[in-house]
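Let us walk through this model from the whole chain down to single residues. Keep the structure open as you read.

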Amino acid sequence: MPRPSILIARAIFPEVVDKLAAHFDVEANQADEIWPREQLIQRLQGKQGVFTTGGERIDAALLAQCPGLKICANMAVGFNNFDLPAMTAAGVLATNAPGVLTETTADMGFALLMAAARRVTEAEHYLRAGRWDRWPCDMMIGQDVHGSTLGIVGMGRIGQAIARRGALGFGMQVLYHNRSRLPEAEEQAVGARYAGLDELLRTADHVVLVVPYTPEAHHMIGAAQIALMKPTATLVNIGRGGLIDEDALAQALRAGRIAAAGLDVFEGEPKVNPALLACTNVVLTPHIASATVPTRKAMAHLAADNLIGYLAQGRPLTPLNPEVMGEA
Ligand code: GLV
């Protein structure tokens, strides 16, 4: 039997390319070119698998032109680049990379929360600009994190890891909102209380979004929701950019309607809304919440193991649409 062929759509760790090459004929992209969609489709001809990193849109139109494709393995826990129903209809397996990035991503959620509430990057810019020439008692004063009320929107693995940090490490009251309520024992284990979204926004001193992006969640935080928040509140987003109406957020930040924000994800990334760039009270990072060496390697290995598990052994580790198995 000929070896399956796969495409690795972006540059990844050489050890992971080597691991895949032990099982497959591999076309890699170690130059990390951003292939236009037509080129991606052309390179997918004759391939049974593709390793994606979250930026490659896999939908019905692409699948119709790639009839040999059997699996798309995302090196990300989020999979909003996949049209899952279209993949299932085409009999193409989708896999993501859950679990391995939970704690690292929760750390970054907290880093953004601390940086926004305590004005860390704003203060650093002030210092670097040579503006620090005395010590006024109200210089760069921000908001306390310890002992405050944390509102977490999206209580999956990462949301729960943030709740633990807040409740156990910082003595915070933790409220959460989620599509479904956690069992009571799990709420107690992470020290969190369920609240409706409006109640959470009104009550929390700091709000962290960790919701997966779906069309229903598009701009779930807009002007009306921001208007419910305290003027001293901070808003952190480590979910997906499309969860927030960025123009409304920029306007609120400019007007001092809320105190600060910390954003790792953006609606048009890697482009960032110029209105946000113009605000000083927002901490901006380029989608790096999972970016530590062990975690990024674990994500890449899991995506590779899904390709190997499915195409070479018939058993993927983290399938999103296991119902297609058996049709491959
Ligand atoms: C990163 O955003 C991920 O979904 O893994």
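Start with the overall build. The protein chain has 13 helices and twelve strands. Keep in mind that this is a predicted model. Along the principal axes, the C-alpha atoms of the protein chain fill a box of roughly 75 × 50 × 35 Å. The radius of gyration of the protein chain is 22 Å. For 328 residues, a compact globule would come out near 20 Å, so the two values agree.

Next, divide the chain. The domain assignment gives two parts. Domain 1 covers 5-100 + 293-325, and domain 2 covers 102-284. Domain 1 is therefore written as two stretches of sequence, because the domain bounds come from an automatic or database assignment. The C-alpha centres of domain 1 and domain 2 lie 32 Å apart. Six residues from domain 1 and five residues from domain 2 make the contact.

How much area do domain 1 and domain 2 bury between them? The figure is about 490 Å², with 45% of it on carbon and sulfur atoms. On the domain 1 side, Asn80, Gly99 and Thr295 lose the most area to domain 2. Together they account for 66% of what that side buries.

By class, the side of domain 1 that touches domain 2 has two nonpolar, four polar and no charged residues. Between domain 1 and domain 2 there are three residue pairs in polar contact. Salt bridges across the interface number zero.

What is the salt bridge count by this rule? It comes to 17. Arg3 lies in the segment before β1 (5-8), while Asp25 lies in strand β2 (residues 25-27). The pair therefore ties together parts that are 22 residues apart in sequence.

Finish with the backbone. Most residues other than glycine have a negative phi, and most peptide bonds are trans. Two places here deserve a look against that background. Asp32 is not a glycine, yet its phi is positive, about 55 degrees. Find Asp32 in the loop between β2 and α2 (37-43). Pro270 sits in the loop between β11 (260-263) and α12 (274-277).

Notes: Residues are numbered from 1 along each chain as its sequence is written. This is a predicted model: local features need pLDDT of at least 70, side-chain atom pairs count only at pLDDT 80 or more; totals for chains, interfaces and linings use all residues. Side-chain values use heavy atoms; hydrogens and water are left out. Contact means heavy atoms within 4.5 Å. Buried area is the accessible area (1.4 Å probe) that two parts lose on being put together, summed over both. A salt bridge is a side-chain nitrogen of Lys or Arg within 4 Å of a carboxyl oxygen of Asp or Glu. A polar contact is a pair of N or O atoms within 3.5 Å; within protein, one must be able to donate a hydrogen and the other to accept it, and residues adjacent in sequence count only if both atoms are side-chain atoms. Ala, Val, Leu, Ile, Met, Phe, Trp, Tyr, Cys and Pro count as nonpolar, Asp, Glu, Lys and Arg as charged, and the others, Gly among them, as polar. Helices (H or I, at least four residues) and strands (E, at least two) are DSSP runs, numbered from the N terminus. The radius of gyration is taken over C-alpha atoms; the globule rule is 2.2 Å times the number of residues to the power 0.38.
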